[in-house]
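Here are some friendly notes to read alongside the model. They take the charged pairs in turn and then turn to a helix contact.

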Amino acid sequence: MRDIVTMWRYPKMVALTALSAALYAAVLIPFKGIMILPHIDMRIATAMVPAMGIMFGPAGAFGAAIGNLIGDFFGGITLGSAFGMISNFFFAYIPYKVWYATRGDNSPRTDTPRKLAKYVCTSLASTAAEISVLCFGLAGVMQSLPYTVLPPTLAITNGVVPLVLGGALIQLFGPRLEKWSLLFTQIMTPDDVTPRRRTNMLGVLLIVTGSAASIAGGLYMSLVAGVKVGWSLAIVTGPFLLIFLLGNFLVGVDRKEFDTWAADDLDDEPNDRARTPSTDRGDTPSTSPPSP
């Protein structure tokens, strides 16, 4: 997860974070008055969250987190806002991780049945991640809402909209952002992210099973054991979230995802691609004189 640190080196990534946060907040705020449950409002804006992660990488994840916090200023800041930030971060970060975990064509498109199916799986994984983190915070730590009602409610308010509309947003904006060189793979370098390893699929498996098991454990405690809120819930669901986090560390991005910008910026010098930054990304160009 080195990318959440290295992305701040690039002015374009910082700008994309600000843009993502502003867009997300702008769509969140008008629906803040429509409350489904305390701390849970209508979430039309979630349509853009997985798409932001897939197209902007870690910048999209930070944008979702900050945008959610901005939206909370218009609905009331509480301790739940911290868990809202964290859950929304992973709501965008998991799509980025899962989408680029596989080999082959990972360009941000949903114009084929395979790509559309891939987006559906990615969106479901991101929704499970967001629900598991938020339920841990609201029902376990804050003890503000019963675990019984949270997963089904969040699945509807936060999961359905991106599942239905997110693929269309990727297909609409993905090619345009690529043309404008605004995809994270056109801004960052391969050395800025965790490299692809043989553990990629294991990492994805841990991400999915960790978040799903956390939700299942919480529902079991709530429905069967009768513990609807409290630290007992946090103790049961928390260890599965550690498995979920471990999965994030195991998933990397293939260096080939960055080949397009490298070939364009470095005149097809593959030996230098991984270590020579492009000045177009906001890096400081070398001032040393050319060799004779």
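1. Let us begin with D191, which forms a salt bridge with R255, their closest N and O atoms being 3.2 Å apart. Here a salt bridge is a side-chain nitrogen of Lys or Arg within 4 Å of a carboxyl oxygen of Asp or Glu. The pair links distant parts of the chain, 64 residues apart: D191 is in the loop between α7 and α8 (200-223), and R255 is in the loop between α9 and α10. Helices (H or I, at least four residues) are DSSP runs, numbered from the N terminus.

2. A word on what you are looking at: this is a predicted model, in which local features need pLDDT of at least 70 and side-chain atom pairs count only at pLDDT 80 or more, while totals for chains, interfaces and linings use all residues. Residues are numbered from 1 along each chain as its sequence is written, and side-chain values use heavy atoms, with hydrogens and water left out.

3. How exposed are the two partners? D191 counts as partly exposed at 37% relative accessibility, and R255 is partly exposed with a relative accessible area of 35%. The classes are buried (under 20% relative accessible area), exposed (over 50%) and partly exposed in between, with a 1.4 Å probe and protein chains only.

4. Searching the whole structure gives 5 salt bridges. Another of them joins D254 to R103, with 3.0 Å between the closest N and O atoms. D254 lies in the loop between α9 (231-250) and α10 (259-265), and R103 in the loop between α5 (79-99) and α6 (113-141), so this pair ties together parts that are 151 residues apart in sequence. D254 counts as buried at 13% relative accessibility, whereas R103 counts as exposed at 54%.

5. The side chains of E178 and R109 also meet in a salt bridge, at 2.8 Å from N to O. E178 is in helix α7 (residues 150-179) and R109 in the loop between α5 and α6, 69 residues apart. E178 is partly exposed at 26% relative accessibility, and R109 is buried at 19%.

6. Finally, please look at α5 and α9, which pack at an angle of about 45 degrees with their axes 10 Å apart. Axes are lines fitted to C-alpha atoms, for helices over the stretch in contact, and angles run from 0 to 180 degrees between N-to-C directions. In the contact (heavy atoms within 4.5 Å), F90, Y93, I94 and K97 of α5 meet F244, L245 and N248 of α9.

Methods. Helix = DSSP H or I, 4+ residues; strand = E, 2+ residues; numbered from the N terminus.
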